[in-house]
There are 2 protein chains.
Amino acid sequence: MWPSTRFTDLVGTDLPLIQAPMIGPKPALARQASAVGALGSLGCASMTPDQVRAEAAALREVTDRPFNLNFFAHVPDPEDPARAADWKARLAPYYAELGLDPAAPIAVTNRAPFDAVMCAVVEEVRPRVVSFHFGLPPAPLLARVKAAGAVVLASATTVEEALWLEANGADAVIAQGAEAGGHRGIFLGDDPARQIGTFALVPQIADAVNVPVIAAGAIADGRGIAAAFALGADAVQIGTAFLLTPEAGLSAPYRAALASAPSDATALTNVFTGRPARGILNRLMREQGPLSPTVPPFPTAAPPLGPLKAAAEAQGSGDFTALWSGQAGRLAREMPVADLVARLVAETQATISRFRTP
Amino acid sequence: MWPSTRFTDLVGTDLPLIQAPMIGPKPALARQASAVGALGSLGCASMTPDQVRAEAAALREVTDRPFNLNFFAHVPDPEDPARAADWKARLAPYYAELGLDPAAPIAVTNRAPFDAVMCAVVEEVRPRVVSFHFGLPPAPLLARVKAAGAVVLASATTVEEALWLEANGADAVIAQGAEAGGHRGIFLGDDPARQIGTFALVPQIADAVNVPVIAAGAIADGRGIAAAFALGADAVQIGTAFLLTPEAGLSAPYRAALASAPSDATALTNVFTGRPARGILNRLMREQGPLSPTVPPFPTAAPPLGPLKAAAEAQGSGDFTALWSGQAGRLAREMPVADLVARLVAETQATISRFRTP
């Protein structure tokens, strides 16, 4: 039924469907997505090497089908102590409001770029697919990933980024439309105002590159899957639509925000990490952003938010949680992953049949 | 071949394809679009009543097929003399650079909302279709338009706006994705950061309303037309893709900007009129915006730019021209309207055939 098998031929999945790597959901989501024939993805950017090993092993206890390890490939900005101090000062009233001690030590979350240590983990784990966000790692590391047998995917937000990724070794390109939830994969530009919608981006990238193209951004049901193929995609990457599955195990405030969001609930914001990402507008975004020119560089904006998030969520509030969501969050459905994937396939088939002349 | 005939049944065109109303192109574009079976649209917001009469008559000399008269339906903001003076001061260096006298009288362009005078013109001309941007006119005027036999279309940028339009008398809703060129149709909100991409907007509006849905934004070839139908649209509205036709008669700087734009060339800006609209980033947008919180209210930002635009274009520069473009401007093709429409239909057919299983 699929108009293109270039992606499934490349990665060996039954379905041309990637469950998008995300840091929020539980790894059970990736396990189940791979088990039912999609490409499950583990968001490894916030994991330690041991966690990556453990999650890959846990996935393989559930299924021997292909899966994807996702890493960040950003070039770290130098730390900026002045901005960091300003950020702490801006957050101080929230600390006071929630009864938190601003001088208490803060856990530093790992959002380090892919490095030699993680590369050794990839060589050990040998996943079928490795995907990168914010560009590609340095050439020697990328060569090792490919030598370990992994198909390499990477995200492009412009035609120019897609051409760069193809020229630098990506085996397929993810066309990440502006509707997509979470971090924009931007790595050649830096202007969130110029981000391109899925509908415009996919055909322009499909025209420009020879490698398979994976459409991402606001794909949440079979209509979207069929539309992505019509635009020239060889596969789709779906994130937000999986967030209400029980396997994703989202926090109650996050689930509530997704379930009740109006159609224009989201915006691009940099206040959670320092880089632009799409999420449901909440208190932190409204009061400190959504785009703040003085937020500390990625990812150093994030750690001081950790205590606020934990304290607020304990009170049932998502005021300080990064409620990452694409623009089709309202199309997300509460059902197990297996049922959702079956539904997506059936809906795509139904959409395609509408195009058949008698 | 079309999976839905709800739009063509409603308006009586051969094709479920609207040539989007635009103020820049010449009216020959609308004449030819209607003549070849699409719905040609005259952007009447900048015309006098006599011009509307004359252009409708000129169109009817070419074809007796349906056409669309488009009007703005905004509630005018009060003038703001302080902002107007500030705006003149911000533009003064450009006046000096181009050798213009800032004290010379300036022609006021007409971007008035639809009123009783224009309503009388509609009653006289009796077009098959009238479309509105920025909401709908007051109920008594809308009732007169419908009594004159016109099908009423209006643009929605959110699900909430689509529901409002349906409840207030629109016969079909244009789902205007964020990729679309020109003015955002926003009328219930005012936040350009929350604008929704075509891919996310069309299915959500199709789910919400019972009237036919017209997809708009980045639809430029048959892949896009097929994708829009897959997402649930009953028709498409195409603007930017017509801009390189000879009938559109664009200025040389505008054509050159379109033909050479990178994929992320556009942004939303309010500096040309006071309301957010999508265009190719140029000098005025970069230096004064692209979104300026202190620009005078719509449409009073526009008149002082007239002399700058004229003087710059005379030197071959589009520095002060509103280079309205959607995000798929690179897919626009230089060919006559009749050839382009035939090509769009053939491409849609070809895309649809890819979905046919043997």
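Two strands pair if DSSP finds at least two bridges between them. Helices (H or I, at least four residues) and strands (E, at least two) are DSSP runs, numbered from the N terminus.

This is a predicted model, in which local features need pLDDT of at least 70 and side-chain atom pairs count only at pLDDT 80 or more, while totals for chains, interfaces and linings use all residues. Residues are numbered from 1 along each chain as its sequence is written, and chains are lettered from A and ligands numbered from 1 in the order in which they are written.

**Stop 1: the sheet of chain B**

Select Leu42(B), which stands opposite Leu69(B) in strand 3 of chain B. Strand 2 of chain B and strand 3 (residues 67–72) of chain B pair in the parallel sense over 4 bridges. Now widen the selection to the open sheet of 8 strands in chain B, ordered 1-9-8-6-5-4-3-2 with parallel pairing. Strand 1 (17–19) and strand 2 (40–43) of chain B are at the edges; each has a single partner strand, so one side of each is left without a neighbour in the sheet. On average, neighbouring strands of this sheet are turned by 25 degrees against each other, direction ignored.

Axes are lines fitted to C-alpha atoms, for helices over the stretch in contact, and angles run from 0 to 180 degrees between N-to-C directions.

**Stop 2: the side of chain B that touches chain A**

Show both chains. The contact (C-beta atoms, placed from the backbone, within 7 Å) takes 44 residues from chain B and 44 residues from chain A. Among the elements of chain B that each supply at least two residues to this side are helix 8 (198–208) and helix 13 (337–354).

Select helix 8 of chain B: 9 of its 11 residues are buried. A residue is buried if 20 or more other C-beta atoms lie within 10 Å of its own, exposed if 12 or fewer, and partly exposed in between, with C-beta atoms placed from the backbone. The buried residues of helix 8 of chain B include Phe199(B), Leu201(B) and Ile205(B).

**Stop 3: a loop residue**

Go to Ala104(B), in the loop between helix 4 (81–97) and helix 5 (116–125) of chain B. Ala104(B) counts as exposed because it has 8 C-beta neighbours inside 10 Å. From Ala104(B) to Gly177(B) is 39 Å in space, C-alpha to C-alpha, and 73 residues in sequence.

Conventions. Two residues are in contact if their C-beta atoms, placed from the backbone, lie within 7 Å.
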